[in-house]
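This briefing sets out selected local features of one protein chain. Please consult the sequence and the structure shown below while reading.

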Amino acid sequence: MTTDVDADLIEQGRKLFAGDWQFFWASPSIETLPPMAGIEVAFAGRSNVGKSSLINALTGRNALARTSHTPGRTQELIFFEGPEQAGFRLVDMPGYGYASAPKAKVASWTALIHSFLQGRSNLARVYVLIDARHGLKPVDLDVLKTLDKSAVSYQVVLTKADQVKPVELQACRAATAAALSKHPAAFPEILVTSSHTGAGMPELRAAMVRLLRERS
């Protein structure tokens with residue numbers, strides 16, 4: 001049952017993401033990060049989990065974030081800025097777990113991600129994207145441990161839900177919830193989304209509006 005509060009958050013989320021969203025900054029290293037301002041949320045996940053597609057679906061723009069069928073293409077922290085009065089940014093983090101990339105490059109990405117997580121005081125939450133077809137993998141669990149150590153609030157978002165049968169999706173959600181119960185820093189609610197159908201996008205937008213209200 002949708003309460004008035006939920007309906008209000010969903011409507012505010014719709015308005016926020018219907019506004020003007022633009023590419024703002026790309027950082028290949030911790031030294032090149034933009035000055036901290038407003039509130040940021042970041043999206044993390046394995047390569048090809050659908051981070052760029054999710055950002056495009058959230059903002060209703062087909063090409064705001066660059067999508068690719070080639071894993072590991074995003075090699076920088078990519079910042080997108082919302083409407084000026086909102087004081088809100090989205091951060092697309094480099095995909096992790098891309099085994100074919102050179103080890104030195106993987107190490108460089110990993111160091112960048114860890115430094116960003118530990119030193120960004122205006123980072124309100126990290127959304128960890130998990131492919132609903134595959135569920136949590138060991139590399140995802142490693143990232144959750146890093147987030148636990150960094151004391152960063154994080155929440156799991158299942159992606160590509162339209163490509164999974166309802167029974168399998170329910171099983172994936174239950175298994176993910178069981179794993180998250182061992183991570184007290186994790187936000188308990190799991191969001192289920194599809195960039196293709198738009199399912200779950202209103203709820204994800206509403207979650208961000210709630211964050212903005214809490215931090216303002």
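In which loop is the place of histidine 196? Histidine 196 is located in the loop between strand S7 (191–192) and helix H6 (201–215); helices (H or I, at least four residues) and strands (E, at least two) are DSSP runs, numbered from the N terminus. The model is a predicted one, in which local features need pLDDT of at least 70 and side-chain atom pairs count only at pLDDT 80 or more, while totals for chains, interfaces and linings use all residues. Residues are numbered from 1 along each chain as its sequence is written, and side-chain values use heavy atoms, with hydrogens and water left out.

**Loop residues**

- Histidine 196 has a relative accessible area of 70% and is therefore exposed; buried means under 20% relative accessible area, exposed over 50%, and partly exposed in between (1.4 Å probe, protein chains only).
- The C-alpha atom of histidine 196 is separated by 8.9 Å from that of leucine 54, 142 residues apart along the chain.
- Arginine 46 is found in the loop between strand S2 (39–45) and helix H2 (51–59), and its relative accessibility of 13% counts as buried.
- Neighbours within four places in sequence aside, the contacts (heavy atoms within 4.5 Å) of arginine 46 include Tyr96, Asp131, His134 and Asp140.

**Serine 27**

- Serine 27 belongs to strand S1 (residues 22–27) and is buried, with a relative accessible area of 0%.
- The side chain of serine 27 makes a polar contact of 3.2 Å with the side chain of tryptophan 25. A polar contact is a pair of N or O atoms within 3.5 Å; within protein, one must be able to donate a hydrogen and the other to accept it, and residues adjacent in sequence count only if both atoms are side-chain atoms.
- The serine 27 side chain also reaches the backbone oxygen of threonine 32, at 3.0 Å.

**Helix H4**

- Helix H4 (residues 138–150) has 13 residues and should span 18 Å at 1.5 Å a residue; its end C-alpha atoms are 19 Å apart, which agrees. The expected span is 1.5 Å times one less than the number of residues.
- The buried residues of H4 are Asp140, Val143, Leu144, Thr146, Leu147 and Ser150.
- Down the axis of H4, these buried residues fall within an arc of 160 degrees and so line one face of the helix; the arc is that of the directions from the helix axis to the C-beta atoms.
- Pro138 and Lys149 are exposed on the other side of H4.
- Alanine 151, which follows H4, has a positive phi near 60 degrees.

**Aromatic rings**

- The whole structure holds seven aromatic pairs; rings of Phe, Tyr and Trp (its six-membered ring) pair if their centres lie within 6.5 Å, and planes under 30 degrees apart count as stacked, over 60 as edge-to-face and the rest as tilted.
- Tryptophan 21 and phenylalanine 88 form an edge-to-face pair, because their ring centres are 6.0 Å apart and their planes stand at 80 degrees.
- This pair links distant parts of the chain, 67 residues apart: tryptophan 21 is in the loop between helix H1 (4–18) and S1, and phenylalanine 88 is in strand S4 (residues 88–92).
- Tryptophan 21 is buried, with a relative accessible area of 1%.
- Ring pairs link Phe17, Trp21 and Phe88 into a cluster.
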